[in-house]
Every structure is written in structure tokens, then in C-alpha cells.
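Open the model in your viewer and keep the selection tool at hand. We will go from the whole chain to single residues.

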Amino acid sequence: MQGGSNAGNGVPLPTADLVIGGFNPAATGGIVALVDGTTALPATTRGDVVVAGTGPADLVGYGNASTFETLAAPAPTATNDPRSIVRTDAVDSDDNSADLTLTSEVTPCTAAGCDAEEPEEPEEPVDPTDATIAEVQGDGAVSPLVGSTVRTQGVVTAAYPTGGLDGVYLQTSGTGGPHDPAAAASHGIFVYSKALATEVAVGQLVEVTGVVSEYFGLTQITPAASAWQVLEGPAEVQPTAVDFPIDETQREALEGMLVSLEGDWTVTDNYTAHSFGEIGLAAGTEPLEQPTDVVAPGSAEYTALVAENAARSVVLDDGSSANYTAGAKDVAQPWLTADNEVRIGAPAEVAEPLVLDYRFDTWRVQPTSALTADGAKPVTFGDTREAAPDDVGGAVKIASFNVLNYFTTTGADFVASGGRCTYYGDRTGEPVNVNSCTPNGPRGAADEEDLQRQQAKIVNAINTLDADVVGLEEIENSAAFGQDRDAALDELVTALNAATGEDTWAAVPSPATAPTTGEDVIRTAFIHRTDVVEPVGESAILDDPAFVNARAPLAQAFRPAGGGEDSTFLVVVNHFKSKGSGSGADADTGDGQGASNYSRVLQATALVQFAADQQTAAGTDQAFLIGDFNSYTQEDPLKVLADAGYVNVGASLDAGETYAFDGQVGSLDHVFASAGAFERVTGADTWDVNADEAVAREYSRYNQNATLLYDDSVFRASDHDPTIVGYDPVGSTSPEVPPTQPDFLAFLWWIFLTFLSLFWPGIL
């Protein structure tokens, strides 16, 4: 069966038995189903949950596909990595990873057999056009000589005989040096030939003859076999010293050239460091900011910051197209080790020239050869880990902690009870964490061993956080699995106390009137230190239609242990609707707030009324609204809270960001204080223990690569950073003690009165 063509590239197929229009499977991941019938499978069909007679006759998911039989089959590492996924000895055990292998020999077969037809006789060779590299590149994004056969020469600045890039970079001899921002055309170009990369060395002057093309935005020359020669003559190239930010036009004029990245650089993204060997860098001393965390959504300032972020950023690559969690999972990835943290926000010291490159829709800088785990690196990174949060003062410390889908009902437990699950696995195929469990199953660890790895990190992090009241998000709602609603919460408290060796922690029980329908399988919850605070009355859950697509807020009044009624304060923990999906009124409008902003505004509005009712019931004006609001600081839902008189404590006290996404940092997690409570806040800090760490250190990525990065430390216990706030409840401090939060005018007034009292006793 023949699908879509690849623009005439490759060896012709034998005459196919069937040509299928629009069939274009991706190289690095996809799903193919063979169905006994004429009705296409719904998008929700899961290959490993289909039973005989009710679904496809067979299904293959390969590479990064989300649907497969048991585990996905292996896949090529890139579009230019031609391979074949072949069933082994016609075995079908309903495990794609076991039944299929990846081969470098591609043997398309027809019903008549597997002998490909003889290819057509090649056309007569075309006389090449002599052109400089700058003439090939031209002064725009697309070469003016696309499709032409050219002869050019340049110095080899980088060679990739291994790792999958399969080619070399050439640069015109005598070019480089100081950067000319007005330059129109680049003097560097990629030559796609593994054989050439094997035969030549960096520093040699080479002449090549080949066809010019644009490979997904990268101008390149593809020579025929041996259509090159090493020349005698000057072979000198200087790296071009480039100060970022630079715009798209300036990057095009440097494409393929050796560059020296000047000035300060900071890690702004490490999400694919362990899989594709990529690290996002930002020019300057700070990572890129999520625009709506600092400016109004959709505003002119928003548009300007989006452009500034693009101009400041570039991806540091590894000179390879390998996927170290798939086809190259048994090859140690080059960047991350136990000692090389590569955290977001860490300074990056660029010590060697790199090649400016464009691949996979992204501007990159490549080392001059493919990196290896034990080889020298052109860039090094600073250590920015914090062993514990900063001291925030206060008699009571309040914090929010996202526990990353902490489920004590594992995938294995759910399957044993009759459910069906797919998993993300390690490099041996062993399941590690749940991909999907149906119907409406758990979202956490695959089995007990994985749960213990997850739990160890969470327990260490919460105990080190040293808060007294902790609001939790993404903890299992055990009622969804036929247990007491607090079963998973109680297990976490047991583990926390086992680590401290005493009954340090207690859970706040669910209220007697907890909702019985419409709840998610994850929920919010509270734990508290028993020697510091005590709950006052029963907790309360907001049962409101606004939260039909989110987790209901949970409220609890507390007071210091043994404190009076006037020391009561209220805490409400929240987890609003995520940004990932929405239609109709919830569709993404493109203003930077993502999908479901309409729902989050409704949820914020309902929360304001709920918090007011709970304050009245508790008899206090001291209230904190905490948790994962899935809204950055300047977005509409948080304006609802500000308009109601609540103060964003973290933003007001510059506590730092809690989340990293798409190479940018911002805060989705917040602590809002009522006006009365904010007056008694003593400090705030975001503990950068999770979001800045590489995802490879999570329990969920255990043993994905030959380099084992998991440990039971506090780092990367979750994907959100906890924010902690110090607070002095009424009656816990003397009125003579000035506030430590930055109310500067009030502090000056206190100083003035204190000085005046020296001459006028009794004024205070």
C-alpha cells in the first residue's frame, strides 16, 4: 500500500497493489490500524484495550505514539533516518515493542513478492553552476538556486559522520570575525552526505558539487557519490562574534556559519535535554518570562515581549538527531548527570564556537561534532540548587504543594480490579507511570515500586519545606475507587510521619457533606503540623457548577495550637481548570491566556463568594486563597481576585516563579491574602526545587536512558514549585514589632514614633 510521496526523494517503490491518498505516517511516531470493516476507528480507541471481535484486527503504535499494544514499537529518530518497522517471524503477541523490530534495510513488498522494480535510468548529468556559498544562500530564507546543481567550496567547520545529522558544514575561507548586522547572505551551508562527513575533517578546504534544496527551512546541498574533493589553498575561518538578541533576518544571514555567542547566557528550557539532547538558552542573566505573567494579555506590551523572547533565545543542540529515550535509549545522553544539573535559570558559560543551524522549525547552535556523555562539552552550567526555602518568618507558615498525580491506587491495582491501562515505560519496556486508564482510572505510578519512588521524593520535599499548613493539589480522590475519600491522603501523612519519626503531620478530614458525583479523580487537600496549628470546625467543599471541569476548592479554618478565637484564619486550596483544552466560549483566543480562560474566570468569581461565606462562618477577616490557579499573574481570573481585595503575596514580595513551560517561566501557583491577612504577612518565597529541574529526574522518567538520573532527593518531586508564606496570626506577636513585609511608609512612621517617644514618653 503506497502512501504520499516524499517530494520525489528516495528510491522508487515497486508498483503498489493499492495507493492510499492522504496516508502520510510520521517518521518518529504514529499509529496504524487494520480494521475488519469500512468504519474508521474513533480517535479514543486504545490499541491495548481492544478485544477480539470488537476492534481492529491489528494495531501498531510506534515511537512517541500515545496508542499502541502494551508498549510502542521502536521508530526512526528523524525524518531523514530511513528505516523499516518489521514484524518478527509473523508473531503477534499484542505487544508492539516485542513483536516489531527496527531495521535499516527497507524492503517494500507487493502481493507478488518483495523484489523492487528496477529504477528508471537516471537522466544525463547536468553541468553544475559555479557559485559561492553566499550566492547559494541568497539574501532571504529560501535559496535562489533551489533545484540547481552547483559547485562550491568552503572550509569544513563541523562534521557529523555519526549521530544522524549525516553531513558537514562548509564556510567560505576568509569569512567570519566581527558581526555585521547589515549582512544579507550567509557564508556557511550544510552539505548532506554521511560519506563526505566520514571522509573529510574539520579545517580542510573542500569543493562539493550537488543539488540545492530547502530541508524544512535549512538550505543545504546534497552531492552525488564522491562528488567532492579536498583542495589545497587557504582554509581559514573565524567565528562570528554575535551579541543576542538578533532577529530572524540576521539569523538567516548567519545560517550555517561558525559563531561565538557573546555576553551572558542563561538556561531557559531543559525539557528535552534527556531525550533529544536540547537545551534552551536565553541571552542575558534571566530565563525568558511567560508574557502574561508580567504584562496584560493581548496588549502591545504582550506582543513586544513575545518578540523579545524570540530574539533572545536559541536552542543548544548536541550535534545529533538521536532520541535518547527511544532509538538511542541505551546510549548515555550527553548533557545530564548527577553532577551536571542544567537547571532553568542557571548561568551557561559558552566556551567554544558553535554553528548556527535551523532544524525542526527552531534556530539552534550545534557543536562542531556530535557530543557524547564522556566527551568534552562546549558549554558548562552553574549550580543553582537551594537545599531549602528561604526563611519567611512568622509564627505560622502556609504553603501550596502540587504532588504530581499522587495516586496510591496504581495502574496495576486498577487493572487487577478489572480496569484497562496503558503506560509510559522505561528503556526495558517496564511500565513506570500511567498514560491512560479507562474507565476514569488513576493517573500516577504504574505499580507499587514506582509509587515508592514517587512518594520518597514528595515526602522529602514536604518535610524539608517546613510549612505548618500545606494545601495539596493533584492528590488521589480515593472515593473514585470505592475507598474512603481520604485514603490516599492518609497514606501520604503516614509516610510523612514515618520519615520524621513522630506524629508530626495530620490530615484535614473531608467534610461529611462531600460531593458524591461529578468529582475528578484528583482533588485538593490539607495537611498540617499538629504542634503548630489546629483545625477549627469542619472543612468545606465548594459544590458549584463553575467547577464542573475543575477541582472544587476546599476551605478550612485554622488557629495556632492553643490559640484564642481571635487568632482564627481561613485557608482555601484551589486547582482551577487547565489551559490545555477548551471550545466555544473556552476556545483559545490567542491573547496568551490559553484555552478555558472563560471557565477560570467563572471559577475565580465563585471562589470569591465561597471565601466570603467561609470567613463569615469562621468569624475572621484573615483569609488565604492558595493553590494552582492555572493562571499567570496578569491574567483575567487573578484580576477577579484582586478586584475582590485579595493581594497576590508572591507577586507583591517578589517571591519568584513556580512553573516552567515552553521555555518560559511564570507563576501558575499563588497565595492570595485578604487585606487584613496581608498586613500580618512576614515574608514569602518560592522554593525552586521542581520546575527548574530537568524532567528526566522525575520518578516518571525512571531508567528511560542508560544514564540513571533518579534519586530520592527533594529535587523534581513535582513539576510545580511550592510557594511558602510566613504569617503572624492575631495575638501571636507584640504590637510593638514592626511588620517585616515591605510596607515602607508604615515602617518609616513606626521609626518616627519610636524616635519621638524618646522625648515624649507615652506617645506609643
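**Before you start**

This is a predicted model, in which local features need pLDDT of at least 70 and side-chain atom pairs count only at pLDDT 80 or more, while totals for chains, interfaces and linings use all residues. Residues are numbered from 1 along each chain as its sequence is written, and side-chain values use heavy atoms, with hydrogens and water left out.

**Stop 1: the whole chain**

Show the chain as a cartoon. Its secondary structure comes to 14 helices and 36 strands. Helices (H or I, at least four residues) and strands (E, at least two) are DSSP runs, numbered from the N terminus.

Turn to the C-alpha trace. Along its principal axes it spans about 100 × 75 × 50 Å.

Now show the surface. The chain exposes about 33,500 Å², and carbon and sulfur atoms supply 52% of it. Accessible areas come from the Shrake-Rupley method with a 1.4 Å probe; for residues, only the protein chains shown count as cover. Buried residues make up 50% of the 764 residues. Buried means under 20% relative accessible area, exposed over 50%, and partly exposed in between.

How do the contacts run along the sequence? Among contacts between residues at least 6 apart, 71% join residues at least 24 apart. A contact means heavy atoms within 4.5 Å.

**Stop 2: helix α11**

Select residues 636-643, which form helix α11. Which of its residues are buried? They are Pro637, Leu638 and Leu641. Seen down the axis of α11, these buried residues fall within an arc of 95°, so they line one face of the helix. The arc is that of the directions from the helix axis to the C-beta atoms.

Next, colour what covers them. The cover includes α10 (597-618), β30 (623-628), β31 (647-648) and β34 (669-673). Then step past the end of the helix to Gly645, which follows α11 and has a positive phi, near 100°.

**Stop 3: Ala604**

Move to α10 and pick Ala604. Is this residue buried or exposed? Ala604 is buried, with a relative accessible area of 0%. Leaving aside residues up to four places away in sequence, Ala604 touches Phe576, Pro637, Val640 and Leu641.

**Stop 4: two cis bonds**

Most residues other than glycine have a negative phi, and most peptide bonds are trans. Go to Pro245, in the loop between β12 (240-242) and α4 (248-252). The peptide bond from Phe244 to Pro245 is cis, with omega near 10°.

Jump to Pro439, in the loop between β23 (431-438) and α8 (448-465). A cis bond joins Thr438 and Pro439, with omega about -5°.

**Stop 5: two positive phi values**

Stay in the loop between β23 and α8 and select Asn440. Its phi is positive, about 50°, although Asn440 is not a glycine. Asn440 is exposed, at 51% relative accessible area.

Finish at Phe216, in the loop between β10 (205-215) and β11 (218-231). Phe216 has a positive phi near 50°. Phe216 is exposed, with a relative accessible area of 55%.

Technical notes
Buried means under 20% relative accessible area, exposed over 50%, partly exposed in between (1.4 Å probe, protein chains only).
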